[in-house]
Amino acid sequence: MPDKSKSIVDYTHEESHSRRGFLRKAAFAAIAGGTLAACSDSEAQKAIASAGLAGKPPAPSPVPAINAAEAMDKMHEAGIKAFPAKTAGKGGQLLPPRLENGVKVFELTAKKIQWETAPGQMVEAWAYNDQVPGPQLRVREGDRVKVILHNKLEQSTAIHFHGLELPNHVDGVPFITQPPVKPGETYTYEFTIPEGNHGSHMYHSHHNSATQVGLGLLGAFIVVPRNPSAIERADVDYTLVLNDGAHGYTFNGKSFPATEPIVAKLGQKLRIRFMNEGMMIHPMHLHGMHMTIITKDGWPVPAPWRCDTLNVAPGERWDVIVNCKNPGTWAFHCHILPHAESEHGMFGMVTAVIVT
Amino acid sequence: MPDKSKSIVDYTHEESHSRRGFLRKAAFAAIAGGTLAACSDSEAQKAIASAGLAGKPPAPSPVPAINAAEAMDKMHEAGIKAFPAKTAGKGGQLLPPRLENGVKVFELTAKKIQWETAPGQMVEAWAYNDQVPGPQLRVREGDRVKVILHNKLEQSTAIHFHGLELPNHVDGVPFITQPPVKPGETYTYEFTIPEGNHGSHMYHSHHNSATQVGLGLLGAFIVVPRNPSAIERADVDYTLVLNDGAHGYTFNGKSFPATEPIVAKLGQKLRIRFMNEGMMIHPMHLHGMHMTIITKDGWPVPAPWRCDTLNVAPGERWDVIVNCKNPGTWAFHCHILPHAESEHGMFGMVTAVIVT
Amino acid sequence: MPDKSKSIVDYTHEESHSRRGFLRKAAFAAIAGGTLAACSDSEAQKAIASAGLAGKPPAPSPVPAINAAEAMDKMHEAGIKAFPAKTAGKGGQLLPPRLENGVKVFELTAKKIQWETAPGQMVEAWAYNDQVPGPQLRVREGDRVKVILHNKLEQSTAIHFHGLELPNHVDGVPFITQPPVKPGETYTYEFTIPEGNHGSHMYHSHHNSATQVGLGLLGAFIVVPRNPSAIERADVDYTLVLNDGAHGYTFNGKSFPATEPIVAKLGQKLRIRFMNEGMMIHPMHLHGMHMTIITKDGWPVPAPWRCDTLNVAPGERWDVIVNCKNPGTWAFHCHILPHAESEHGMFGMVTAVIVT
């Protein structure tokens, strides 16, 4: 067991770093206190914006050598202090279906929006229901489901239900299983979730998809089993969609410091559902605690296995359990370091698991 | 179980899309009917060629916004409609050995050829026996094998038998285990296939290999076990070699729409042998049905596991079983989307599993 | 079983290649004899240096076609013949701790140095104790450990113990768990290795890490279990740190032909601890023998599995066992071929497992 005799804010070096210690503690308190609100220090916010802490690493600006270390630290500190930074819009919100004769009906409207990935960082997004990722659809094994797609884009589109083993005519591939859904048109997918096909799946465009998925036409489609196994039951259930397209390196549509911390109480079981909707592989590393892999693409693994770094490739989903036995604020990031940190501080694919 | 009550061609939206519906059905019928011949519509073929649907995504050309969606759909449709498009040459053909005193003898001639990866897309290839991939060599555990290499290239070369645990002197690494085979020379490898070393292996150049393998000096080397286990027995046995070198993104040396569909009957067991001979990792995604992983690099996995997206890295081989329980035409592609689709439609690493 | 009836130097073609055969045999003898000294042929050394056989592939120079094959072979031969080439500095040397009241104390000094990755190839490195990778720290489950970091860099830094489940305050993330360690400062980490947290871990900078780790601030942190399981016991225990940053493609800080051969006796059990400290995924391929995977990130896998090509992502550690049953010099390299070979010969991520 980790040594818990020391407080998480007790570190050897603190006495000689009172100012920084104060800032760090303030930042930590803001986070650990559960408010998760944006830092009130508007200077920090401005530093972030001007440092360009967003989805893509800014080019380092020339600094006189003598002050370079201090200047760099200041930018790094501003990023951390701003976390979790407030931005407009939240992706992946649970969309409650409406019930029609026992059918769960979801309406999705695809349209072009402006999306804020980090404070002040506005990008063009193609989104379902004004969210990146699109709203989370959550149903149960055996459910009858209707997904109504309204296309308000200037391009045709279509939805593929990635991981669901559906009848071919609702597979969502234009010219193979359906016509493309033209601009202005509405298209309906109706199907029954197959027994045994539960788990963490996705929905996304399958037309001009490198562009359309890259711009945000994607979301989580989660099928809850009728009888969840003991290992699958968790106190906190978190879906983490990775992306690396036109919006830079993002977790659930946001870049550090605007990413969302994942909060659990000491002793709780945390389930993280990794989904990669990008074009690159991201080895996800959790500090301080290991992850136990329980499903791959929704399918239970024959025997759960443990790691602290999990390689998640485009199209893959991995569900893991973290037994939150180690209190603190734990960095959680892609370990391809240029996806997570630049000379200006952490950015992109970084968040924290906070065990309170 | 998937809902099979609806026909695979019955989709909600069809009535308002009669022309497109017709084309789609025609395309589907051509495929599902088992002819797998190139589409007779020469206009579609021309559209493909002019759209540059080949191993690499063409740069999108500027189109007036008002017609852009329609123009894009037309290109996408032409690609699908042409599938499977006819091209000259077929890679990976089974090479029957000649028997000499109980030894299975294969002759391979390495030489420079022109290779058609997609309709009209000619590339320079360095090939064994005029094929990319080279011919499939298939032997049995315990067999005595002789591979005679004729080098008609302008460069030296050598063959490494990737995955086979052979005596060092036939390992195929110039200056470590043998001299390079000079232009014009012939070189002979002779060995016994070790017991237990069955499965999906490869042979390829191990001299100036980034260039030589990238240009096509590669092939499948399959060792059939003496006593195949129940799980390994399949109705359809398909070898799928991935590549991403000088020829663009290819499956068995061809780019969509010239890739080969994989056809199985409803209820059949399909075995796919993935082999990556490229320089990038490709997460392979199958629609509509999952894959059960049975071997890694020829070695049985301790417990088979399931997925719909399988990450295949350079040098790796993965054998999977697909229980073909879901009828239809299922897209099957690399899920790094820019390897599979451009603004001009699907290309590169795309094919279909067709369950009839 | 592999055919062992033939000598490893007995190959069909030898008689017609006496000069090359001689060189090859000489090179092999130098290696297999266990001296592992640099080749005495200074011409070969010069050829390497002028060919730029280092961490990055040189651009091929134009050669008249008629002599091109011979010239290419000569460069390839020079690279092989020079292996293992002598360079200044050896990374990852075991650092014996000093004992203070039962605490194992390690001192690490981070500073800028010049590092030779291949003969004549000098690069700037940021190193712990003048080594790339930094010295290997090796402790036991349950040990009390103190790591004293002296920062002699011009930038702040910090150490993260990657894979260790430590109390939050020693996690090494500036502004989250500690202040940055400024230039000229000393910082102390003290902790107890948690029970069960044994295996192959790492330590590296977690401040401006894309730059600092890329330049060499990294090392292996190995925790020996109290009671090693039978499968973990090995005759040879080799740590292999992969990197692909500012120093080019390296194994333990060196590029072929300056990489270190891994030597074992016939019948021995070889354990290789793969650690990826780079920014790319490297599928590691061993010729002639398979690897049995026993741990992932230090955690025993539920059931060992076999392969010859193992995909190692940034931040991951994989421990494998090789049962050295096949005598010879076996190429061992990343199978992303441009990481291992150029027109000028093998370079970068290449070494050999030599079974004597």
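Colleague: How many helices and strands does chain A have?
Modeller: In this predicted model, chain A contains four helices and 22 strands.

Colleague: And what percentage of its residues count as buried?
Modeller: Chain A has 356 residues, and 64% of them count as buried.

Colleague: What about contacts between residues that lie apart in sequence?
Modeller: If one takes the contacts in chain A between residues at least 6 apart in sequence, 75% of them join residues at least 24 apart.

Colleague: Let us turn to chain A and chain C. How many residues does each give to the contact?
Modeller: Chain A contributes 50 residues and chain C contributes 53 residues.

Colleague: How is the size of such an interface usually expressed?
Modeller: It is often given as the accessible area that is lost when the parts come together. Between chain A and chain C, the buried area is about 4,500 Å². Carbon and sulfur atoms give 58% of that area.

Colleague: How many salt bridges are there across the interface of chain A and chain C?
Modeller: The rule finds three salt bridges there. One of them joins C:Arg317 to A:Asp308, and their closest N and O atoms are 2.8 Å apart.

Colleague: And how many residue pairs are in polar contact?
Modeller: Between chain A and chain C the count is 24 residue pairs, with both residues at pLDDT 80 or more.

Colleague: Which elements of chain A supply the side that touches chain C?
Modeller: Those that each supply at least two residues include the helices α1 (18–32) and α3 (65–82) and the strands β14 (282–286) and β16 (299–307). The greatest contribution to that side comes from α3(A), with seven residues.

Colleague: How do the residues of that side divide by type?
Modeller: On the side of chain A that touches chain C, 21 residues are nonpolar, 17 are polar and twelve are charged.

Colleague: Now chain C and chain B. How many residues make that contact?
Modeller: The contact takes 50 residues from chain C and 53 residues from chain B. The area buried between chain C and chain B is about 4,500 Å², and the count of salt bridges between them is three.

Colleague: Which residue of chain B pairs with C:Glu70?
Modeller: C:Glu70 forms a salt bridge with B:Lys182, and the closest N and O atoms of the two are 3.3 Å apart.

Colleague: A change of topic: where is B:Ala264 found?
Modeller: B:Ala264 belongs to strand β12 of chain B, which covers residues 262–264.

Colleague: Why is B:Ala264 called buried?
Modeller: Because its relative accessible area is 2%, and buried means under 20%.

Colleague: Which residues is B:Ala264 in contact with, apart from its sequence neighbours?
Modeller: Leaving aside neighbours within four places in sequence, B:Ala264 is in contact with B:Val236, B:Cys324, B:Ile354, B:Val355 and B:Thr356.

Colleague: And what separates B:Ala264 from B:Trp318?
Modeller: Their C-alpha atoms are separated by 20 Å, and the two residues are 54 residues apart along the chain.

Methods
Residues numbered from 1 in each chain as written. Chains lettered and ligands numbered in written order. Predicted model: local features only at pLDDT ≥ 70, side-chain atom pairs only at ≥ 80, totals over all residues. Heavy atoms only, no water. Contact = heavy atoms within 4.5 Å. Buried area = accessible area lost by both parts, 1.4 Å probe. Salt bridge = Lys/Arg side-chain N within 4 Å of Asp/Glu carboxyl O. Polar contact = N/O pair within 3.5 Å; in protein donor to acceptor, adjacent residues only side chain to side chain. Nonpolar A, V, L, I, M, F, W, Y, C, P; charged D, E, K, R; others polar. Buried < 20%, exposed > 50% of the residue type's maximum accessible area, 1.4 Å probe, protein only.
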